[in-house]
Each structure stands twice: as C-alpha cells, then as structure tokens.
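User: I'm new to this one. Can you walk me through it?
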Amino acid sequence: MSSKFQPLRNFYRKLTNPLNFRVGITTQPTEAHSSLTSIAQFLYETDPNFENLADKEHSTINNNAIKIQNLLKRQSDCSKEDLFLALDRIAISLTDDLVMNILKRYRSDWKPAYQFFSWVLRGGNGNGYSPGSAVYNEILDTLGKMKRFEELHTLLDEMSKRGNVVTEKTFSILLNRYAAAHKIDEAIEMFYKRREFDLELDLIAFNTLLMSLCRYKHVEAAEFLFHSKKDEFRPNIKTRNIILNGWCVLGSLREAKRFWNDIITSKCKLDRFTYGTFINSLTKAGKLNTAVKLFRAMWEKGCDPDVAICNCIIDALCFKKRIPEALEIFREMDSRDCLPDVVTYNSLIKHLCKIRRMEKVYELLDEMEKKKGCCLPNARTYSYLLKSAKKIEEVNNILERMEENECQMTDDTYNLLLKLFMEWDCEERVKSIWAEMEKNGFGPDQRSYTIMIHGLYDKEKTEDALRYYSEMKSKGMVPEPRTVLLVNAMNIKLKEREGQEAVMGAMGSSGTRGKGKRRGL
C-alpha cells in the first residue's frame, strides 16, 4: 500500500467518523457514500496500517501547521519581506490540507492569514504547490468576515487569472459576506459577475442571492428583487419560502402573514418547509395555540410534519413552560414514524436545565448516547449542561463525557468555558483555554476578548483588561459598544489615579525638602 492510496486513507477517516454526519442536511448516508465507504473499508481491511498511516499523516500536518503558526506569531511585527524570507527557510512541503489547517487557525485574525496566503501565492517555498478552490474559499471567507473587501477583491482578481478555482461555493461566500456587511448593491453586482467566471445566472443562483440578503435582515430588498426579476428568474415554491422565512426571521408576523396569503393565492403548492416556516413565525410571535392548530392540521391534510417542525413546536411549548405537552409530542413522534434527533433532545434538555430538572436531563442524555446516530449529543447539548454547572468538578465530568463521545469543541464551547473560569477566578484554567483556542484555530475571537476585558475589570485588573483591548483592536476586531464605554471609563480612572499619584509624589518630595531645610536651620 503505497502513497497512491493516501487520499483514500484520509477519506476513510472522514467517512468512518460519526461527527461528519451531524452537520449535513440529510441524516442517512447516500448510495454514493456507501460505495465510497466500501472502497475505503476494503483498503482498511487489506492494509493493517491503513488507519495508523492516516493518523500519522494527520499528526504531521498539525505539527507543521503549529510550526508555521509559531513563526507567524514571532514575525508579527516584521516587514512583509522579512516574513517571506523566514517562511522560505521552513523546509515544509505545502499541500491543500496543510494550508487549510493554517488558515482555519486565523479565522478571527485576517492579517497573518492574508500574509501567509500571499506568500503561498508568490510560490511558497518553491515546491510547485497551487491552492485549490476550498483553500481560496477559506481565505475569502476570513477576509469577508473581517470586512477586508479591498484585499478580497485583490484575491478574487488573482483567482480569475488562475481559472477553474471560482465555484458556486465561492459565490455563496461572497454574497453572504457582502450581505453581512450591509453592502446590498455590491452583493447584487457580485451576483451578476457570475458571467465573467462562466457560471450560469439561473434560479438556483438567484435563490442563493435572496437567501444571503434575507439571512442578514435585508428582506425588503430581497422581496423587491423577487418581484422585479420574475421574468428573468421564474420563481418556484423554494423562492417564495426564502422570502417567507426572511420575514419570519425578522420577526414581522404582519409581513409574514401577507406573504403567506400571497403563496396560498399563487399556483405554487405549499410544502413542508412553507408550513414549518410559518409555524415557526407564529411561535416566535407568541401565537402558540394557532401554531399548534396548524401543526395538527398538517396531519389531517396528509402533509405530515417532519422532525424540524416537531422540534419547533416542542421548543415553543418548553419556552412557555408547557413542558408536559412538549414531552407528550416527543413521545408521539415515534408512533407517527417521525423519529426525534439531537435538536429535539436539545430543546428538552435546554429548558429542563433551566428549571434544574437534572435527573430528567441526564436520563435524556443517556438515551441520546445509547441511540447514537442523529441523536448523538453535540457541542450545543453539552453547552446547556456546562451553563447549568455550579462546580469545577461538574465541568470536568461534562468535558470528559464530551471526549468519550468524540464531540468536538466549538468556539462557543471555548468561550463558555472561558466565561465560567473567569467568573470562578480559575486563572490557570483561563490561560489553558486561551492557549487551546489559539492552537486549534477557534479564536480567540471578539467574544473571547470581551469576556476577558469585562472579567478582568470586575477583578480590578485594569491594566490587564486594557492590554487585551489593545490586542483585540490590533487584530481588526470591532468591540461591542458596552466594551468601548467600559474602556473609556477605565482610561479616565487610570488618568485620575496617575494624576493623584503624581500629586502625592510631588507633595512627598516637597515635604522631604522642607524637613531638610529645617534640619539645616
């Protein structure tokens, strides 16, 4: 088994890792997936070292990524030329996996990511490596997230010269980031640039644009496009669902009702998503009884609710402290051939934690771990448990349980732990979490710095809090308004204290001189 099977070794690790089936839309493996699993399984069975080799390669990539990460940290104040020379001296062969690993470590810190990638595009260390689409998309997403659109455009121009690296995923990222930055005109302009990259201007692409606008609350603009482009892009029920969902997420029940009625009067047949979206809107607007009636009506009309709709009703009932009714629907799901998933359990666990029904919580957790598959606890499950923890021992037990179930940490989990340990004054654990976040590429992000600044201020460590604030600003992160107010107040207090110390110092030296004169007399 030579290196020609190396990509399949990596692929086998992904296929056989249950974590890779908890982020997709479907919960059942596809036929293609089964075939690919069989190939990887064959290689695993015919080569006893198959998985060991994959683990070894993964470890090598991580070690090389850490070396480059440490170099970027040491050279952070150096010129671009000096940084490139330092990177040139590292004898590491570049691959997509390695470059991606490094870029993911800087999702909240665009400068080192962009400097490193500029070196890669210049030719790296001369091993002939050329980045693939996924790598370009990763750095584009980071730049867009940090609102570095000048650098983003420079990179996009570079991609256009290289050919075949701009994909549907690329445009999805670009539209999302422009919409997130409230650059509506630029998002629409970018959509029409698809032609320059030989990508079709079809309904699927148009729906992606509408989705991006709605996701970031530009629903009015999205609906205007929906109506004005009907001749160019003939809408279907999916297009209408996007706008309906936009109004629902925005929390405008009046507009959601208006658009719901428009859908009913149109020739489009309502699907589960249409019902689910409107039911969700009703629950968020406090119209729970109406939502439950519509939910029950779905069974009668033969449009059986799926697990997502059941989850919505269960969560809304729990929120209104109608937990017995929620548990009743939860028990009904099995009999109606609508199996619960991790989201179902999470809704129940979240609200049961709030009322401290911990015995029931751990009963449900045991059930999830036993069922596995789509019910296996995820980071959010454990986050609810961590939020309810009162002692360090409880946190340790929860983290141990996470590890046993191979549940990966997320930036939310890290920030939650950071907040807990700051509140409990566990300085060593705070340092450990911070270092682990840096190492694993989960920040520290704006939330991490906010937790540290406010936490240190509460502990009267003003200088340390201001140091973290300065570091956050140097990374291009925008502080929350409450953090700006707090820092301004800290600076005023610091100046007042320095002024008082200066006065006291002057008085002390003056008093000393006076005593000296009196002694002379």
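Predicted model: local features only at pLDDT ≥ 70, side-chain atom pairs only at ≥ 80, totals over all residues.

User: Why does 14% make tyrosine 468 count as buried?
Analyst: Because buried means under 20% relative accessible area, and tyrosine 468 has 14%.

User: OK. What charged end sits over the ring of tyrosine 468?
Analyst: That of arginine 467. The charged end is 4.9 Å from the ring centre.

User: How many aromatic pairs are there in the whole structure?
Analyst: A search finds 19. In one of them, the rings of tryptophan 434 and tyrosine 449 have centres 5.1 Å apart. Their planes are at 85°, so this pair is edge-to-face.

User: Where do tryptophan 434 and tyrosine 449 lie?
Analyst: Tryptophan 434 is in helix H24, and tyrosine 449 is in helix H25, residues 446-458. The pair therefore ties together parts that are 15 residues apart in sequence.

User: Are those two buried or exposed?
Analyst: Both tryptophan 434 and tyrosine 449 are buried. For tryptophan 434, the relative accessibility is 9%.

User: Back to tyrosine 468. How are its ring and that of tryptophan 434 arranged?
Analyst: Edge-to-face, because the planes are at 75°. The ring centres are 5.3 Å apart. This pair links distant parts of the chain. Tryptophan 434 is in helix H24 and tyrosine 468 in helix H26, 34 residues apart.

User: Which residues form an aromatic cluster?
Analyst: Phe191, Tyr192, Phe206 and Phe233 form one.

User: And what sits over the ring of phenylalanine 171?
Analyst: The charged end of arginine 194. It is 5.6 Å from the centre of the phenylalanine 171 ring.

User: New topic. How many salt bridges does a search of the whole structure find?
Analyst: It finds 28. One joins arginine 296 and glutamate 332, with the closest N and O atoms 3.2 Å apart.

User: Which helices hold arginine 296 and glutamate 332?
Analyst: Arginine 296 lies in helix H16, residues 288-300. Glutamate 332 lies in helix H18, residues 323-335. The parts they tie together are 36 residues apart in sequence.

User: What else does glutamate 332 form a salt bridge with?
Analyst: Arginine 336, with the closest N and O atoms 3.8 Å apart. Arginine 336 is partly exposed, at 37% relative accessible area. Arginine 296 also counts as partly exposed, at 28%.

User: What about glutamate 232 and lysine 229?
Analyst: Their side chains meet in a salt bridge, 3.7 Å from N to O. Glutamate 232 is partly exposed, with 40% relative accessible area. Lysine 229 is partly exposed too, with 22%.

User: Which residues are linked in a network of salt bridges?
Analyst: Glu223, Arg254, Glu255, Arg258 and Asp262.

Definitions and conventions. Residues numbered from 1 in each chain as written. Heavy atoms only, no water. Phe/Tyr/Trp six-rings, centres within 6.5 Å; stacked < 30°, edge-to-face > 60°. Helix = DSSP H or I, 4+ residues; strand = E, 2+ residues; numbered from the N terminus. Buried < 20%, exposed > 50% of the residue type's maximum accessible area, 1.4 Å probe, protein only. Lys NZ or Arg CZ within 6 Å of the ring centre and 35° of its normal. Salt bridge = Lys/Arg side-chain N within 4 Å of Asp/Glu carboxyl O.
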